[in-house]
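Please open the structure in your viewer and keep the selection tool at hand.

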Amino acid sequence: MKAKKPSAELVCKQFEDALAPRLRLSTTDRAVYYHLLRHSRFESKPRLHFSIIWLARNLGITEETVRAALRRLVQHRALRLVERSKSGHVIDVRLPEEVPGARRSKTQTQVTIPSPDCGNLEEIDFMRTPELRQAIHAREGGFCFYCLRHIGPQMQCLDHVIPRAQLGPNSYRNLVSCCRECNSRKGERPAADFLRSLYREGRVTGVELIRGLQSLNDLAAGNLRPALPSA
């Protein structure tokens with residue numbers, strides 16, 4: 001199935017101005033990403049089947065260098081590994097604006113100064129106002145925290161990682177933006193168990209599962225701080 005061909009000029013600007021700097025991509029990472037982009041999205045194909053040998057020869061670099069770059073790009077979610085076999089790799093190549101958490105939304109770039117009545121970040125009830133709830137959605141960049149699908153505003157909802165029934169707080173450390181389906185299916189289950197169920201069902205890859213579990217750890221540690229509403 002053919003996908004709409006993106007504007008090469010716009011994609012390159014988004015990549016160089018936002019994605020590459022934020023992910024701190026190396027020259028090799030950039031070359032690998034651009035080459036895969038050239039043979040997929042720029043050809044109206046979201047998915048690409050290729051071999052490591054083909055990619056290494058085309059770029060004039062070693063196979064091990066290619067493998068390392070692919071691992072980094074998958075970890076950064078610029079690529080989604082669908083299948084790996086003797087016949088080659090199958091990947092979904094994401095445009096810069098589709099990479100979860102990699103693009104700063106207008107909300108994030110405009111709301112960097114805490115409001116005077118917000119107080120200490122650790123004490124804020126992020127369910128208190130629409131602006132604070134939106135800050136959590138903006139942090140996830142329009143993607144479901146669990147299944148990683150891109151979700152529109154009408155399908156977004158907030159989920160308590162530790163459910164309210166188990167005394168989970170309305171802290172930024174316990175709230176994530178997700179799709180309605182994941183919110184409903186997760187229920188009272190621990191978030192880590194729900195992520196593992198998505199992996200067993202084939203809705204996320206092994207790499208995405210590991211990254212999701214790490215994101216849960218980062219969330220609990222306070223490393224995923226949302227931008228606060230400005231005064």
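The stops below begin with the whole chain and then turn to its parts.

**Before selecting**

This is a predicted model, in which local features need pLDDT of at least 70, side-chain atom pairs count only at pLDDT 80 or more, and totals for chains, interfaces and linings use all residues. Residues are numbered from 1 along each chain as its sequence is written, and side-chain values use heavy atoms, with hydrogens and water left out.

**Stop 1: the whole chain**

Display the protein chain as a cartoon; 9 helices and 5 strands are there. Helices (H or I, at least four residues) and strands (E, at least two) are DSSP runs, numbered from the N terminus. Along the sequence they follow the pattern α-α-β-α-α-β-β-α-α-β-β-α-α-α. Of the 231 residues, 45% count as buried; buried means under 20% relative accessible area, exposed over 50%, and partly exposed in between, with a 1.4 Å probe and protein chains only. Contact means heavy atoms within 4.5 Å. Of the contacts with a separation of 6 or more, 61% are between residues 24 or more positions apart.

**Stop 2**

Select residues 47-50 and 79-85, which are β1 and β2, together with residues 88-93, which form β3. These strands make an open sheet in the order β1-β3-β2, with antiparallel pairing. Two strands pair if DSSP finds at least two bridges between them. Strands of a sheet pair through backbone hydrogen bonds, either parallel or antiparallel. Which strands stand at the edges? They are β1 and β2; each has a single partner strand, so one side of each is left without a neighbour in the sheet. Neighbouring strands here are turned by 20° against each other on average, direction ignored. Axes are lines fitted to C-alpha atoms, for helices over the stretch in contact, and angles run from 0 to 180 degrees between N-to-C directions.

S85 stands opposite G88 in β3, while L81 stands opposite I91.

**Stop 3**

Select H89, whose place is in strand β3. Is H89 buried or exposed? H89 counts as buried because its relative accessibility is 14%. Not counting residues up to four places away in sequence, H89 touches L48, H49, F50, I52, L81, E83 and R84.

T205 lies in the loop between α8 (191-200) and α9 (206-220). With a relative accessible area of 14%, T205 is buried.

**Stop 4: helices α1 and α2**

Select residues 8-23, which are helix α1; this helix and α2 pack at an angle of about 145°, with their axes 13 Å apart. Their crossing is right-handed; a crossing is left-handed if the near helix is turned anticlockwise from the far one by less than a right angle, and right-handed if clockwise. Show the side chains where they meet: V11, C12, F15, E16, L19, A20 and P21 in α1 face R30, Y33, Y34 and L37 in α2 as contacts.

Next, select A8 in helix α1. A8 is partly exposed, with a relative accessible area of 38%. Its C-alpha atom is separated by 9.7 Å from that of L37, 29 residues apart along the chain.

**Stop 5: aromatic rings**

Finally, show the aromatic side chains; the structure holds 7 aromatic pairs. Rings of Phe, Tyr and Trp (its six-membered ring) pair if their centres lie within 6.5 Å; planes under 30 degrees apart count as stacked, over 60 as edge-to-face and the rest as tilted. F126 and Y172 form an edge-to-face pair, 6.2 Å centre to centre with 65° between the planes. F126 lies in the loop between α5 (106-110) and α6 (130-139) and Y172 in the loop between β4 (156-160) and β5 (175-179), so the pair ties together parts that are 46 residues apart in sequence. Both F126 and Y172 are buried.

Move to F145 and Y146, an edge-to-face pair with 5.5 Å centre to centre and 85° between the planes. F145 counts as buried at 9% relative accessibility, and Y146 is buried with a relative accessible area of 2%. To end the tour, select F15, Y33 and Y34, which ring pairs link into a cluster.
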